[in-house]
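Keep the viewer open, try each task yourself, and then compare your steps with the solution.

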Amino acid sequence: MSADPAPKHGLILAVNAGSSSLKISLFKRDGASPESPHDIVDLLLTSTITNISQPPASFSFQLASHAEGREAKKEPVKSIKDHASAFQHFLDYLKREASIDRSEIVHICHRVVHGGDYFEPVIITDESYHYIERLSDLAPLHNGGALSVMKACIQELPNANSIAYFDTSFHRTMPQHISMYPIRQDIAKKRGLKKYGFHGLSYAYILRADPSQTSLIVMHLGSGASMCAIKHGKSLDTTMGLTPVSGLPGATRSGAIDPSLIFHYTNRAGRISHDRSVAVNVHVTEAEEILNKRSGWAALTGTTDFGTIVSEMKKVEARRESGEVVAEEEGKWKIAFDIMLDRILGYLGAYYVKLGGEVDALVFAGGIGERSIELREAVVENAKCLGFALDPQANAEVDGKDGAVVDIGKLKDMRRVVVCRTDEQLEMAKECAMSPKFWQQ
């Protein structure tokens, strides 16, 4: 396991382990100065592996225009069973089909969702590995996958530094009265019980994408969803808390709920009851299983795909408008959409007030934020009273626009509304390339 500064010409591999996916990007450090971070790395290739937990996994491999090799698009791979075997398949493919020597990789950047008290990137050693391992219970959908990829990297690329980049680091600037929970602080401090916040690498990328905009309300909307109030370039508040389960609902996460709900949800009475005889001993693991993996819009509709929810909702509405009698059960699509919209608006209004109305832009990011025309339209329509307005044509044409940031708002006399194509791998690679301690001088 190397921990030495690397030669300046070495390659940077950025790895992002999701709950059932693995996104990988390979970059070359081009020698640009930290003063011009937009140009400090060049992308060589990307690879995406999806459906890891629901085989067969799907493998894609795309080269940048100046790289040579054979590309792959959503090829089913039966040998991929977990994140470690997914990474091994990528390395095998890289060796077999691309003109890149893996020995040129000097740094591997790993996105780690929960960093606890680590606020800066750390090279993976036995000590840091086991510390991150102990935090897995606080981010059960992600930290485990990241750790298994780290193990594979150390084994397969022993001369490269594995470096952990933490989603929680971005939120270290939150004021104490926002990050603190109103519980006994002797216990809270001993156990690290406070709001950490997540999706920090995404928020850091968004902030860097347009440096002129420093006070933002950002929505990172995907199967895991959160929002962040950024004031003068620093995190002021965010929706996720001690763990990613708090805040907005997700594909399988409940989002913020009454903490006592889990006890009534699991008791033997089949109704709300404080009768101790019908109570069930709910272990932390079971509660997290229910709230992390068996809730969200999948629990409401049966699908984790928000795009399907929107399309089915529109079909049902069209049938109703044509005079057809629609079964009550089919209202589930709109209910799921409206719950997501309601929770977003609640935080949006709160963050607008916390920022004192000084908001440079409202930002949509993440898979749903980038793709859902309908959700963006509904959010901005309901935020009209705060001075936001949408350009319907620009909103409908986001997919056809180039660049990391796409304006979709009516700019004249209105506040800016944008879509940002966030890139956590690129953010890690840039941070790595700009850090003198990781490179030979």
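**Exercise 1. Two packed helices**

At what angle do helix 10 and helix 11 pack, and how far apart are their axes?

*Solution.* Before we start, a word on the model: it is predicted, local features need pLDDT of at least 70, side-chain atom pairs count only at pLDDT 80 or more, and totals for chains, interfaces and linings use all residues. Residues are numbered from 1 along each chain as its sequence is written, and side-chain values use heavy atoms, with hydrogens and water left out.

Step 1: find the helices. Helix 10 covers residues 306–321 and helix 11 covers residues 332–354. Helices (H or I, at least four residues) and strands (E, at least two) are DSSP runs, numbered from the N terminus.

Step 2: read the geometry. The angle is about 125°, and the axes are 8 Å apart. Axes are lines fitted to C-alpha atoms, for helices over the stretch in contact, and angles run from 0 to 180 degrees between N-to-C directions.

Step 3: name the arrangement. Because of that angle, helix 10 is oblique to helix 11. (Under 35 degrees counts as roughly parallel, over 145 as roughly antiparallel, 65 to 115 as roughly perpendicular, and the rest as oblique.) The crossing of helix 10 and helix 11 is left-handed; that is the term if the near helix is turned anticlockwise from the far one by less than a right angle, and right-handed is the term if clockwise.

Step 4: list the contact (heavy atoms within 4.5 Å). Helix 10 contributes Phe306, Ile309, Val310, Glu312, Met313, Val316 and Glu317, while helix 11 contributes Trp333, Lys334, Ala336, Phe337 and Met340. Sorted by type, these are nine nonpolar, no polar and three charged residues. (Ala, Val, Leu, Ile, Met, Phe, Trp, Tyr, Cys and Pro count as nonpolar, Asp, Glu, Lys and Arg as charged, and the others, Gly among them, as polar.)

**Exercise 2. Helix 11 and another helix**

Which residues of helix 11 meet helix 13?

*Solution.* Step 1: locate helix 13 at residues 373–382; its axis and that of helix 11 come within 10 Å and cross at roughly 45°. This angle makes helix 11 oblique to helix 13, and the crossing is right-handed.

Step 1: read off the residues. Phe337, Leu341, Ile344, Leu345 and Leu348 of helix 11 meet Glu374, Leu375, Ala378, Val379 and Asn382 of helix 13. They divide into eight nonpolar, one polar and one charged.

**Exercise 3. An open sheet**

*Solution.* Step 1: write down the order. The open sheet has six strands in the order 11-10-9-12-14-13, with mixed pairing. Two strands pair if DSSP finds at least two bridges between them.

Step 2: zoom in on one pair. Strand 9 (residues 216–220) and strand 10 (residues 226–231) are antiparallel, with five bridges; histidine 220 has serine 226 as its bridge partner.

Step 3: Helix 13 lies across strand 9, strand 12 and strand 14 (416–420), at about 160° to strand 12.

**Exercise 4. A strand with two partners**

Is strand 1 mostly covered or mostly open?

*Solution.* Step 1: count. Strand 1 (residues 11–17) is mostly covered, with seven of its seven residues buried. (Buried means under 20% relative accessible area, exposed over 50%, partly exposed in between, with a 1.4 Å probe and protein chains only.)

Step 1: check the two faces. In a regular strand the side chains alternate between the two faces of the sheet. Here Leu11, Leu13, Val15 and Ala17 point one way, and Ile12, Ala14 and Asn16 the other.

Step 2: find the partners. Strand 2 (residues 22–29) runs antiparallel to strand 1 over seven bridges, and isoleucine 12 is partnered by phenylalanine 27. Strand 6 (residues 105–112) runs parallel to strand 1 over six bridges, with histidine 110 as the partner of valine 15.
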